[in-house]
Amino acid sequence: MSDTYVQLTDLTLTYGQSVAVPELNLGIREGELIALLGPSGCGKTTTMRAIAGLLAPASGRITIDGRDVTRVPANKRGIGLVFQSYALFPHLNAFENVAFGLRLQKLSANEITERTLQGLATVGLTGYDKRKPAEMSGGQQQRLALARSLVMQPKVLLLDEPLSNLDARLRLEMRTELQRVQKETGVTMVFVTHDQAEALALADRIVLMKEGRIEQLGTPADLYARPETAFAAEFMGFENIFRVEGGKVVSDKGTLPLGFATTSPLLAWRPDGVTVGSGPHEGRVVATSFAGAHREYVLESALGPIKADADIALPRVEIGETLTFDLPEATARPLAA
Amino acid sequence: MNTIGRTTANWIILGLTLTFLIGPFLIIILAGASDTEFLAFPPQGLTLRWYAKVFTVESFRASFMLSMGLAIFGTLLALVLGVPAAYALNRYDLPGAETVRTIVAAPIIVPGIIVGLALLRYVVVPLDVTVTMALFMAHTALVLPYAVRVVSSSMHNLRGDMEEAAVLLGCSRFQAFTKVVLPNIRGGVLAAFILGFVTSFNQVPVSLFLSGPGVRTLPIDMLAYMEITFDPSVAALSALLAFMSLAIVFVAERLLGFSRYV
Ligand SMILES: Nc1ncnc2c1ncn2[C@@H]1O[C@H](COP(=O)(O)OP(=O)(O)OP(=O)(O)O)[C@@H](O)[C@H]1O
Ligand SMILES: [Mg+2]
């Protein structure tokens, strides 16, 4: 693609003998906010460290803006990284933390001061310049780490689970903050998360990873509506995934007749895609909970447990009673084997 | 036990502790002030002349300077070797790191007298080094484990990603060490220096084997002096040295909370 800014080509990353990421190919566009999403241990951090230059690839190439940087050391690569732990310098105050990289560049004192204060302002930390990191809240430390990387005007800014240490409310706040800073500065951002909601909310595109490989790559809307594999579907909240064999839906527990024809070997339904209160199948309620706009049921059926969301207008059905349900064609997502 | 009984027990324990900790110190101070020609306790009459005499004994002056030099430069060298060693032990998954840790701990466990004998037998005699050089090597070796230990413990909480952050901001690995690691272990390094200094200065057994004609550390010189002269000036000198150690530790505690590191 012509507008690819960072290109990873056949990138293989290893720790000693074990291969963490085999032959990864990924193009990142200039100015985009891309999310690396995947379960623990799938190689997200490893990939980031390789892009930053902290981990030398066993083979493959990394180019940034058309230039091969595979052998360029980390301190010459011009890439920013916000660590999950923030990695702030505890002996320096906020101002000096942000000014740290600028001071190494032999800039004039005026320019250092100006850019540092500007950086602090960008993340909403004006007036906190004399504070030591230990005297700041988690959210403030996170923003300070962000400012420290931003003032360097990196070609690419990498963020490793930047929001995972924050409580739920602050997390939402920082999400919008990150998005705002990204739009304001136009910097290309790659951020790591294992929270699908966070990836969906923030990213322009999502890279879903599994065991060091890209499982699926696409816009949040794409991934949400059209996961291609069982793994992707599960990650995107399709909690009912079954095989299709000879016109029947099949699980390890049993089978149910399928009401429509399909050629795909796997079908998946979100809980809200399952029709409850009518339909050809029956299930015994084994769990139910109120979730605001709907009521969640777990139905023990011939296929084993089915997760289903019922309209809140429907009368509540108690545990042990039976409910009818359907797995309709309209909400079925066909998956590759 | 009832409350009164417990309170009484507490007081007794406190009293005994003070007696054993402070008591010898007081005895030395007083013995050094005894107005007699020989070491006496309780002191008979009080005088400061023995305290004054300490400063006029030529060999005390020379051996004090030697002990000072050994303590300062031996500890500095131990730190020059020990800080990178502590850093490497903490940062890198080195093969044999456990062995190094054990070796580093050995001089703390092995009695100094054995270390002194071993150094004499296997280093000083075969290599024919000068007495001063031998003492310098011995004191450095003696302080090194303390340096590694104390610096290690202050480095322990320092996460590696701070240095990586510094590198990504443009530092070389070495700059990351001087700009990020060193400032954060400054307290530990100072603590190691003071501990090393005091250990080296008061060291007897190792120096006992290595001191040669005319070259003696202060503690050894004091032993030698006592074999010939039994006047209270040795007690006076001991008291003065104890005050010096006390002053150093006091200042260190005030400046950087020394006790956190030891
Ligand atoms: N220093 C290391 N030495 C050996 N193996 C490692 C090392 N770091 C990571 N690995 C392995 O490499 C694989 C990828 O790890 P990585 O840290 O990239 O995962 P991650 O996707 O960031 O996971 P998490 O969400 O838990 O942070 C894992 O199997 C992990 O066990
Ligand atoms: Mg990780």
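Biologist: If buried means under 20% relative accessible area, exposed over 50% and partly exposed in between (1.4 Å probe, protein chains only), is A:N240 buried or exposed?
Modeller: A:N240 counts as buried, because its relative accessibility is 1%. This is a predicted model, in which local features need pLDDT of at least 70 and side-chain atom pairs count only at pLDDT 80 or more, while totals for chains, interfaces and linings use all residues. Residues are numbered from 1 along each chain as its sequence is written, chains are lettered from A and ligands numbered from 1 in the order in which they are written, and side-chain values use heavy atoms, with hydrogens and water left out.

Biologist: Where is A:N240 found?
Modeller: A:N240 belongs to strand β11 of chain A, residues 240-245. Strands (E, at least two residues) and helices (H or I, at least four) are DSSP runs, numbered from the N terminus.

Biologist: Changing topic, how many salt bridges does the structure hold?
Modeller: Over all chains there are 21 salt bridges, each a side-chain nitrogen of Lys or Arg within 4 Å of a carboxyl oxygen of Asp or Glu. One of them pairs A:E32 with A:R205, whose closest N and O atoms are 2.8 Å apart.

Biologist: Which parts of the chain does that pair link?
Modeller: A:E32 sits in the loop between β2 (18-29) and β3 (33-37) of chain A, and A:R205 in strand β9 (residues 205-210). The pair links distant parts of the chain, 173 residues apart. Both A:E32 and A:R205 are buried.

Biologist: And what is the closest N and O distance between A:K183 and A:D204?
Modeller: In that salt bridge the closest N and O atoms are 3.9 Å apart. A:K183 lies in helix α5 (residues 168-185) and A:D204 in the loop between α6 (196-202) and β9 of chain A, so the pair ties together parts that are 21 residues apart in sequence. A:K183 is exposed, because its relative accessible area is 54%. A:D204 counts as partly exposed, because its relative accessibility is 31%.

Biologist: Which residue in chain B forms a salt bridge with B:R159?
Modeller: The partner is B:D161, with the closest N and O atoms 3.0 Å apart. B:D161 counts as buried at 10% relative accessibility, whereas B:R159 counts as partly exposed at 49%. Back in chain A, salt bridges that share partners join A:E177, A:R180 and A:E184 into one network.

Biologist: How many helices and strands are there in chain B?
Modeller: Chain B has eleven helices and zero strands. Its C-alpha atoms fill a box of roughly 70 × 65 × 30 Å along the principal axes. Of the 262 residues in chain B, 40% are buried.

Biologist: Now the ligand: which residues are around ligand 1?
Modeller: Those with a heavy atom within 4 Å of ligand 1 count, among them A:Y15, A:A20, A:P39, A:K44, A:E161 and A:H194. Helix α1 (residues 44-52) of chain A gives the most to this shell, with three residues.

Biologist: What lies 2.8 Å from an oxygen atom of ligand 1?
Modeller: A backbone N or O atom of A:G41 does. Such polar contacts to the ligand are pairs of N or O atoms within 3.5 Å. A polar backbone atom of A:G43 is 3.0 Å from an oxygen atom of ligand 1, and an N or O atom in the side chain of A:Y15 is 3.4 Å from a nitrogen atom of ligand 1.

How values were computed: A polar contact is a pair of N or O atoms within 3.5 Å; within protein, one must be able to donate a hydrogen and the other to accept it, and residues adjacent in sequence count only if both atoms are side-chain atoms.
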